[in-house]
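Have a look at the model below, then work through the exercises with me.

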Amino acid sequence: MDGVLLDTERVYFQCWKQSAQDFGFSMADETALAVRSCCQTYAEPFLKRVMGEDFDYLAVRNHRRKLVSAYLAEHGISQKPGIRPLLDYCRENGLIAAVATATARSLAEERLESAGLGGLFPHIVGGNQVKTGKPEPEIYRTAAAQLGLEPEACAAVEDSPNGIAAAHAAGMTSLWIPDQITPQERPDTAQTADY
């Protein structure tokens, strides 16, 4: 959702850095980018390793969520360029789509509605609906099951290395639409992605 459907990843990036700063930590750009679409199981130990054991992951993450919500409430949420024509094309050609996002489902529904994309997806799988989020494959396997398809019959459109890893592990064809990170910066992800 974020970075593919909604132009929100830059907001998450800035708010991770601001939230860390508000707690007395300086977060490098690459650190903020590394936790994009990443579940707590992986993000917390990673950030503690990089930022130090006294980094209070839950407090910083919860503060970041408040910063993101405040920013989006004030500035609104934009669709990524080309998304509406792509979704129209899918619908006109009988292709069904689901959303598999690290965001909690109810918040994902609100943000899609706010961006003018509400009601376009028969299924939304939020990070709060699976035991292990990205980069693990569960969220994509769950979305495929809700669509009544095997993962191998699906394509996942992703903007983050963690998302590409999850789609690949699920057995889906993966399409990488770089948003905050380029293929030159992450050749490993470029090699993992099918397109």
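H3 passes H4 in a right-handed crossing (the near helix is turned clockwise from the far one by less than a right angle). This is a predicted model, in which local features need pLDDT of at least 70, side-chain atom pairs count only at pLDDT 80 or more, and totals for chains, interfaces and linings use all residues. Residues are numbered from 1 along each chain as its sequence is written, and side-chain values use heavy atoms, leaving out hydrogens and water.

**Exercise 1.** Describe how H3 and H4 are oriented to each other.

*Step 1.* Find the helices, which are DSSP runs of H or I with at least four residues, numbered from the N terminus: H3 spans residues 40-51 and H4 spans residues 57-75.

*Step 2.* Their axes come within 10 Å and cross at roughly 115° (lines fitted to C-alpha atoms over the stretch in contact, with angles from 0 to 180 degrees between N-to-C directions).

*Step 3.* H3 and H4 are therefore roughly perpendicular (65 to 115 degrees; under 35 is roughly parallel, over 145 roughly antiparallel, the rest oblique).

*Step 4.* In contact (heavy atoms within 4.5 Å), Gln40, Ala43, Glu44 and Leu47 of H3 meet Tyr57, Leu58 and Arg61 of H4.

Terms used: Helices (H or I, at least four residues) and strands (E, at least two) are DSSP runs, numbered from the N terminus.
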